[in-house]
Amino acid sequence: MEQEELGKRIWEMRVSLIRLAMSIVRTPQDAEDAVSAAIVSALQRAETLRNPEKLSAWMLTITARCCYDQLRKAKRETPVEQVEPPPLLSPQETLYDTLLTLPKPLSQVLTLYYYEGMTTGEIARVLDIGRPAVSMRLRRGRKM
């Protein structure tokens, strides 16, 4: 796949990438940084994409890994000042806002399942966990 076509297809899935990143890193700025890093990484490694039909899963996997890298780096940094985060929910609370209040493992799986339409097997590959873990997280997330 050519770089230009790859760039166009990635641009079309930007909302999905941001949604996944938000479910992992929880802040819009960090989500945008992670998605940007994922896009750069994908464009640099475009030749490793063997099956163009699996571009979505490939990009979601790269995005998830960039988010986890960003979280690991953040753990090593010492914050200068602790600032109280703004409340996540507004008076016009949406289902997605509620989803972000769940624990990260649950919100990640629910986001990929309901917003991205992925199967449990695809989610297991993207998040590098087993299918039973995906099913359990879906069940717990629905219950919460």
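**View 1. The whole chain and its surface.** What you're looking at is a predicted model, where local features need pLDDT of at least 70, side-chain atom pairs count only at pLDDT 80 or more, and totals for chains, interfaces and linings use all residues. Residues are numbered from 1 along each chain as its sequence is written, and side-chain values use heavy atoms, with hydrogens and water left out. The protein has 8 helices and 0 strands, where helices (H or I, at least four residues) and strands (E, at least two) are DSSP runs numbered from the N terminus. Of the 144 residues, 38% are buried; buried means under 20% relative accessible area, exposed over 50%, and partly exposed in between (1.4 Å probe, protein chains only). Take the contacts (heavy atoms within 4.5 Å) with a separation of 6 or more: 63% of them join residues 24 or more positions apart.

**View 2. Gln70 and what it touches.** Gln70 sits in helix α4, which covers residues 55-76. Its relative accessible area is 19%, so Gln70 counts as buried. Setting aside neighbours within four places in sequence, Gln70 is in contact with Val25, Asp30, Asp33 and Ala34. With Asp30 there is also a polar contact: the Gln70 side chain reaches the backbone oxygen of Asp30 at 3.4 Å. A polar contact here is a pair of N or O atoms within 3.5 Å; within protein, one must be able to donate a hydrogen and the other to accept it, and residues adjacent in sequence count only if both atoms are side-chain atoms.

View 3. A disulfide is a covalent bond between the sulfur atoms of two cysteines. With the cut-off set at a pair of cysteine sulfur atoms within 2.5 Å, the count here is 0 disulfides. Cys66 is in none, and its nearest cysteine sulfur, in Cys67, is 7.2 Å away. Cys66 is buried at a relative accessible area of 15%, and Cys67 is buried at 0%.

View 4. Arg26 lies in the loop between α2 (14-25) and α3 (28-44). Its phi is near 75°, a positive value in a residue other than glycine. With a relative accessible area of 19%, Arg26 is buried. Asp128 is in the loop between α7 (120-127) and α8 (131-143), and it has a positive phi of about 60° although it isn't a glycine either. Asp128 counts as exposed, at 67% relative accessibility. Asp128 and Arg65 are 63 residues apart in sequence, yet 9.7 Å apart in space, C-alpha to C-alpha.

View 5. Leu95, Tyr114 and Tyr115 make a nonpolar surface patch of about 340 Å². Tyr114 belongs to helix α6, residues 104-115. Patches are made of residues with over 30% relative accessible area and no salt bridge; like charges are joined within 9 Å, and nonpolar side chains (Val, Leu, Ile, Met, Phe, Trp, Tyr) within 5 Å. A salt bridge, in turn, is a side-chain nitrogen of Lys or Arg within 4 Å of a carboxyl oxygen of Asp or Glu.

Terms used: Accessible areas come from the Shrake-Rupley method with a 1.4 Å probe; for residues, only the protein chains shown count as cover.
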